[in-house]
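Hi everyone, thanks for making time this morning. I'd like to walk you through one structure, so let me put it up on the screen.

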Amino acid sequence: MRLTKYAHSCLRVEHDGGVLVIDPGMFSEPAVALDGADAVLITHEHPDHLDAAAVHRQLARRPFVIHGPASLAGALGDAADVLRPVSAGEAFTAAGIPVRAHGGRHAVIHPDIPVIDNLGYLLNDVVYHPGDALYVPDEVQVDTLFAPIHAPWSKFSEVVDFIRAVAPRRVFALHDALLNDNGYAVLDRQYTALSGSEYQRLEPGSRIDG
């Protein structure tokens with residue numbers, strides 16, 4: 001698999017001619033990421049993970065299926081007919097890539113804010129994108145983890161413990177669009193020192209092999 005990391009929480013995965021996109025949100029480059037997409041995975045309905053307008057525009061150019069929680073239907077509006085609802089524990093294939101959904105619920109932001117559905121996606125049993133939750137997949141050795149390093153719902157120590165629990169060979173920063181250069185410097189240094197895995201933050205548009 002060839003992985004392209006776009007800003008914030010967006011990944012593009014290319015494999016055997018298929019193109020899979022995860023979380024094309026408003027802080028990423030959704031039009032670029034979605035170009036030529038055969039399938040899209042959405043972890044949850046928040047706009048930093050789902051730019052519905054960008055998805056609608058791309059669907060008008062090229063049809064594709066969207067996999068994600070059933071609760072996405074409202075956020076997708078007129079595009080809800082292309083949604084294939086997915087539940088935690090379900091295995092399926094998207095753009096020719098084996099996927100298993102994990103978790104089920106978004107991390108708690110505040111007790112006064114309702115908790116919504118969230119799914120993490122394990123690709124080909126090696127690459128894990130957890131969305132907005134720190135759910136550790138059972139009985140699998142994740143090779144490449146994309147870890148949400150900063151969010152209104154997160155705490156640094158909890159993210160470190162999540163990375164350690166998943167214990168990947170390498171971990172890349174995810175969900176970081178609300179940081180400035182000062183925050184990047186501090187968190188990159190701390191995650192490098194404490195995560196227990198090979199840690200790196202990729203610039204938007206960087207490509208790696210998965």
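Predicted model: local features only at pLDDT ≥ 70, side-chain atom pairs only at ≥ 80, totals over all residues.

The protein chain has 14 strands along with five helices. Its radius of gyration is 16 Å, close to the 17 Å that the globule rule gives for 210 residues, so the chain is as compact as a globular protein of that length. If you take the principal axes, the C-alpha atoms fill a box of roughly 45 × 45 × 35 Å. And how much of the protein chain is buried? Buried residues account for 51% of the 210 residues.

Now to the aromatics. Searching the whole structure turns up three aromatic pairs. There is also a cluster to look at: Phe156, Tyr191 and Tyr199 come together as one aromatic cluster.

Last stop, the surface. Which residues form a nonpolar patch there? They are Met26, Phe27 and Leu178, and together they have about 280 Å² of accessible area. Let me zoom in on Leu178. You'll find Leu178 in the loop that runs between strand S12 (170-174) and helix H5 (181-194). Is Leu178 buried or exposed? Leu178 counts as exposed because its relative accessible area is 51%, and the cut-off for exposed is over 50%.

Conventions. Residues numbered from 1 in each chain as written. Heavy atoms only, no water. Phe/Tyr/Trp six-rings, centres within 6.5 Å; stacked < 30°, edge-to-face > 60°. Patch = residues over 30% accessible without salt bridge, like charges linked within 9 Å, V, L, I, M, F, W, Y side chains within 5 Å. Areas by Shrake-Rupley, 256 points an atom, 1.4 Å probe, with all protein chains shown as cover. Salt bridge = Lys/Arg side-chain N within 4 Å of Asp/Glu carboxyl O. Helix = DSSP H or I, 4+ residues; strand = E, 2+ residues; numbered from the N terminus. Buried < 20%, exposed > 50% of the residue type's maximum accessible area, 1.4 Å probe, protein only. Rg over C-alpha atoms; globule rule 2.2 N^0.38 Å.
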